[in-house]
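This report goes through one protein model by topic. The sequence and structure come first, and the notes follow.

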Amino acid sequence: MLKTQRSPVTLRVLAEHTGLSIMTVSRVIRGRPDVSTASRRKVLAAVQRLGYIPNPAARQLVSRIPAPRQDRIIGTIFSREVVTSHSYFAGIIQGIADEARRWDCHLLFGYGLGDSVASPEYPKMIRDMMTRWIVLVGKVSPRFVRQLRAHGFSLVLADMRPPVRDVDAVVCDDAAGAYDATRHLIKLGHENIALIRGPARHPFFESLAGGYRRALTEAGIVAADNLVVEAAQGPQGGYDAMEAILRLPSRPTAIFTNDDMAIGALRVIQERGLRVPADIALVGYDDIEYAAHTTPPLTTVAVPKEDMGRRAVRQAIAQMEQGEQHVYATTVVAHSLVIRSSCGAGARPATPPRLGRRKS
């Protein structure tokens with residue numbers, strides 16, 4: 001008669017059986033000294049009784065690392081948009097890889113795992129606690145962040161503000177960057193400025209919209225609702241949104257969006273026989289690799305992406321070294337406006353005609 005195969009004993013099973021946290025169980029399994037004698041005895045007894053077998057991949061990885069570096073393993077989880085969207089995140093990932101190598105850290109990658117999932121469905125890398133320190137890249141659900149924190153992970157968020165306490169983050173002030181970009185267009189004489197944005201409730205595009213509206217309001221310009229067009233992320237979304245904008249009764253003189261969507265918008269403008277920036281000025285956000293190579297080159301807000309990645313790794317290392325003394329913080333990196341040809345800077349008349357409506 002065939003025997004029923006027993007489910008493998010995991011760290012979570014040991015934690016439930018002993019009544020201890022997964023983090024404490026993991027420390028015992030890895031031979032860490034910072035565990036009480038009572039807890040160590042309890043875990044080792046459960047290991048023998050339940051027949052726990054450490055994850056082979058994790059055991060081999062740790063065995064190849066000299067003792068002083070056994071804790072320098074950082075898990076990196078990418079949100080789905082990192083895998084499916086533009087090259088913006090490539091810079092952050094490059095910064096993470098470079099800084100990890102500089103500090104002699106090993107990286108464990110989990111692609112597209114940033115959704116909120118039930119605990120039994122966590123990737124095996126997370127369930128088996130190959131590392132406690134995780135860098136989350138991109139926008140993930142607050143619930144997912146809370147789940148990881150509840151399971152004892154120490155987190156650093158790259159490009160997302162923390163939805164909970166006791167989490168480090170490295171972000172750019174996107175609202176301030178959008179404000180500066182819109183102010184630049186206003187200073188060039190534009191008042192009829194359209195915003196092409198991605199899906200509603202997406203934190204990044206909410207920030208862009210907030211900065212855009214603040215700049216218009218401070219300049220006394222009415223932010224017309226029909227000049228804010230929502231579309232899917234990416235060049236095709238920018239293309240579709242620009243087509244809709246060109247059907248408006250009064251065509252805007254300038255467009256602000258992110259770089260990916262600007263590429264699609266630029267294509268529509270040129271297909272219609274219009275010129276950038278003579279007929280429509282265009283400003284992007286992100287300064288992705290292709291921004292400098294469009295025709296004309298795209299004026300954009302540059303985000304120090306590699307610096308964000310490097311800082312995220314340094315925050316994770318600070319968590320490792322400082323332990324309970326670590327003070328969690330959100331680091332804001334500085335953006336900059338990169339002026340190229342697409343905005344028409346220096347090419348417009350000193351006192352351009354008023355093309356929009358101001359508040360009375």
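Leaving aside neighbours within four places in sequence, V137 is in contact with T76, I77, F78, S79, V82, F89, I92, I96 and A158; contact means heavy atoms within 4.5 Å. The model is a predicted one, in which local features need pLDDT of at least 70 and side-chain atom pairs count only at pLDDT 80 or more, while totals for chains, interfaces and linings use all residues. Residues are numbered from 1 along each chain as its sequence is written, and side-chain values use heavy atoms, with hydrogens and water left out.

V137 belongs to the largest nonpolar core, which has 74 residues. A nonpolar core is a set of buried Ala, Val, Leu, Ile, Met, Phe, Trp, Tyr and Cys residues joined through side-chain atoms within 4.5 Å. Buried means under 20% relative accessible area, exposed means over 50%, and partly exposed lies in between (1.4 Å probe, protein chains only). Together with V135, M242 and F256, V137 touches the most other members of this core. Helix α10 (residues 203-218) gives the most to the core, with 7 residues. Another core, of 14 residues, lies apart from it and includes I134, L136, V145 and L155.

## Overall make-up and confidence

The protein chain has 13 helices and 12 strands. Helices (H or I, at least four residues) and strands (E, at least two) are DSSP runs, numbered from the N terminus. Of the 360 residues, 51% count as buried. Among contacts between residues at least 6 apart in sequence, 72% join residues at least 24 apart.

Average pLDDT for the protein chain is 83, and 80% of the residues score at least 70; pLDDT is the predictor's confidence in each residue, from 0 to 100. Over residues 1-6 the pLDDT is below 50, and this stretch has 1 contact in the model beyond near neighbours in sequence. Residues 60-70 also stay under 50 in pLDDT. For residues 60-70 the model has 12 contacts beyond four places in sequence.

## Packing of α1 and α3

Two packed helices are described by the angle between their axes and the distance between the axes. For helix α1 (residues 11-18) and helix α3 (residues 37-50) the angle is about 115° and the axes are 10 Å apart. Axes here are lines fitted to C-alpha atoms, for helices over the stretch in contact, and angles run from 0 to 180 degrees between N-to-C directions.

On the α1 side the contact is made by V13, L14, H17 and T18. These meet K42, V43, A46, V47, R49 and L50 in α3. By class, the contact has 6 nonpolar, 2 polar and 2 charged residues. Ala, Val, Leu, Ile, Met, Phe, Trp, Tyr, Cys and Pro count as nonpolar, Asp, Glu, Lys and Arg as charged, and the others, Gly among them, as polar.

## Individual positions

H202 is in the loop between β6 (193-197) and α10. It counts as buried because its relative accessibility is 13%. Not counting residues up to four places away in sequence, H202 touches E81, K139 and Q233.

A241, in helix α11 (residues 235-246), is buried, with a relative accessible area of 2%. Its contacts, leaving aside neighbours within four places in sequence, are I196, V229 and A231. A241 and G198 are 43 residues apart in sequence and 9.9 Å apart in space, C-alpha to C-alpha. A150, in helix α8 (residues 142-150), counts as exposed at 67% relative accessibility.

## Backbone geometry

Most residues other than glycine have a negative phi, and most peptide bonds are trans. V276 and P277 are joined by a cis peptide bond, with omega about 10°, and P277 is found in the loop between α12 (259-271) and β9 (281-286). A cis peptide bond also joins T295 and P296, with omega about 0°. P296 is in the loop between β9 and β10 (299-302).

That loop between β9 and β10 also holds D287, which has a positive phi of about 55° although it is not a glycine. D166, likewise not a glycine, has a positive phi of about 60°. D166 lies in the loop between β4 (154-158) and β5 (168-172) and is partly exposed, with a relative accessible area of 39%.
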